[in-house]
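Keep the selection panel at hand.

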Amino acid sequence: MGLQWGDEGKGKVVDVLTPRYRVVARFQGGPNAGHSLRFDGKSFILSTIPSGIFRNGVINIIGNGMVVDPNTLVKEIHGLEAAGVDVMSKLYFSKKAHLILPTHRALDAAAEAAKGETKIGSTLKGIGPAYMDKTGRNALRMGDILAHDFKHRYARLRDKHIHLLGCYGFEYEPHKHEKEWFEAIDYLRKFAFIDSEYAINDYIDEGIPVLAEGAQGTLLDIDFGTYPYVTSSTTTCAGVCTGLGVAPTKIGNVYGIFKAYATRVGGGPFPTELFDETGKRLREIGKEFGSVTGRERRCGWLDLVALRYAVMLNGVTELIMMKADVLNGFDTIKVAVDYDLPDGQTNRFPYEVDGGTKPVYRELKGWNTDICNVRRWEDFPAEFKTYVEFIERYCGVPVMIISVGPDREETIIR
């Protein structure tokens, strides 16, 4: 699980953890994800395919809770195949995952434009409209691809979208993107379509370990995030149950991933955001630009109030700290331990986070040295250990994995 506003480094973590597992399954989100992996001198970005795809003998499942853009997915598959990855033998589709139509993207753009100054910073990939069709019981699912009347089902939903676009005053050429979309649909028919809820539970019952891979982050959750500046799916641990068909009693370890500082893309509240040179420095050192969108990320100090909230919501059993190396050159590091609100000070994440939510910081001494080549906990400088242990005490959960660089080898497992 991502414990912040996304971009925590989940792709790398899944790649590192996958050798412990035989199955990796995505359970929510869609092509708005951007999971970056680097190994053997090569870099990859995955938006729909689970991050276990590079490991031999590992099954990767696109779960029922996801929304899938066929065009984006096929391009992603072709890119991996060109790099020598055998995708077809390792990638399975849940029949109950939902499809993103070309008109969903148009609806996303029209709705965002209509919001004016109140726009939420959508990635404009059709995610929100696709989930709206899902809950509105109008959508197309991956299993519908196999139906004899699929084109009729498609046309019915497309025409409904075109009517809605007319209400926005948004012009749309109905057939502009359909050829490529249907070519992608034809290509995807070659893959394995499964009843993923049965498959995953069968794996678990047989003692085969399954790793569920989240997208976005807890603070973007549709119920518990900084609403309305959130995504359209359940990004917390509860999303595993609905997005894969797994009972709560089947969930074992919950890995909570966070950066050693904080970032956010798009609009919405961000209490510890830095608008000064320190914020700019974090962005430049951390290369904080969206892996899919390229958008500049907002940067700030680590917010422990928000982090402990996310730990609680997910039932996190192990914390994983990413990008610790970005803080190498700071003499002093700040962490937010409380919020100063108009009605008093609190260490609880409030109903509404806005400009009146002022962080109360604790200052810690920086380690001010390069830790990128460290490979054992014992070899970290004392100031870094103090930083990690402070986070552990505040959140009540151990930090079990620490990343000191983008490569899978730059990872310390305690």
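This tour of a predicted model goes from a sheet to a helix and then to a pocket.

Select the five strands that form an open sheet, in the order 8-6-4-1-9. Their pairing is parallel. Go to the edges next: strand 8 (192-194) and strand 9 (210-213) each have a single partner strand, so one side of each lacks a neighbour in the sheet. On average, neighbouring strands are turned by 25° against each other, direction ignored.

Now pick strand 1 (residues 23-26) and strand 4 (residues 59-62). Four bridges join them in the parallel sense. Show R26 and look across to strand 4: I62 stands opposite.

**The helix on the sheet.** Select helix 7 (residues 196-205), which packs on the sheet. Helix 7 touches strand 1, strand 4, strand 6 (91-94), strand 8 and strand 9. Its direction makes about 145° with that of strand 4.

Which residues of helix 7 are buried? Show S196, E197, A199, I200, N201 and Y203. Their cover includes the five strands of the sheet and also helix 8 (238-244). Step past the end of helix 7 to G207, where phi is positive, near 80°.

Move to the second largest pocket, with a volume of about 470 Å³. It is lined by 27 residues, and V210, L211, A212, I251 and N253 are the closest to its centre. Colour helix 1 (10-17), helix 7, strand 9, helix 8 and strand 10 (255-259): each gives two or more residues to the lining. Then colour the lining by class: 20 residues are nonpolar, four polar and three charged.

Technical notes. Residues are numbered from 1 along each chain as its sequence is written. This is a predicted model: local features need pLDDT of at least 70, side-chain atom pairs count only at pLDDT 80 or more; totals for chains, interfaces and linings use all residues. Side-chain values use heavy atoms; hydrogens and water are left out. Two strands pair if DSSP finds at least two bridges between them. Axes are lines fitted to C-alpha atoms, for helices over the stretch in contact, and angles run from 0 to 180 degrees between N-to-C directions. Contact means heavy atoms within 4.5 Å. Buried means under 20% relative accessible area, exposed over 50%, partly exposed in between (1.4 Å probe, protein chains only). On a 1 Å grid over the protein atoms alone, a cavity is a set of points where a 1.4 Å probe fits but cannot get out, and a pocket is an open set with protein on both sides within 12 Å along at least five of seven lines; lining residues have an atom within 4 Å of a point. Grid points are joined across faces, edges and corners, and a volume is the space filled by probe spheres set on the points. Ala, Val, Leu, Ile, Met, Phe, Trp, Tyr, Cys and Pro count as nonpolar, Asp, Glu, Lys and Arg as charged, and the others, Gly among them, as polar.
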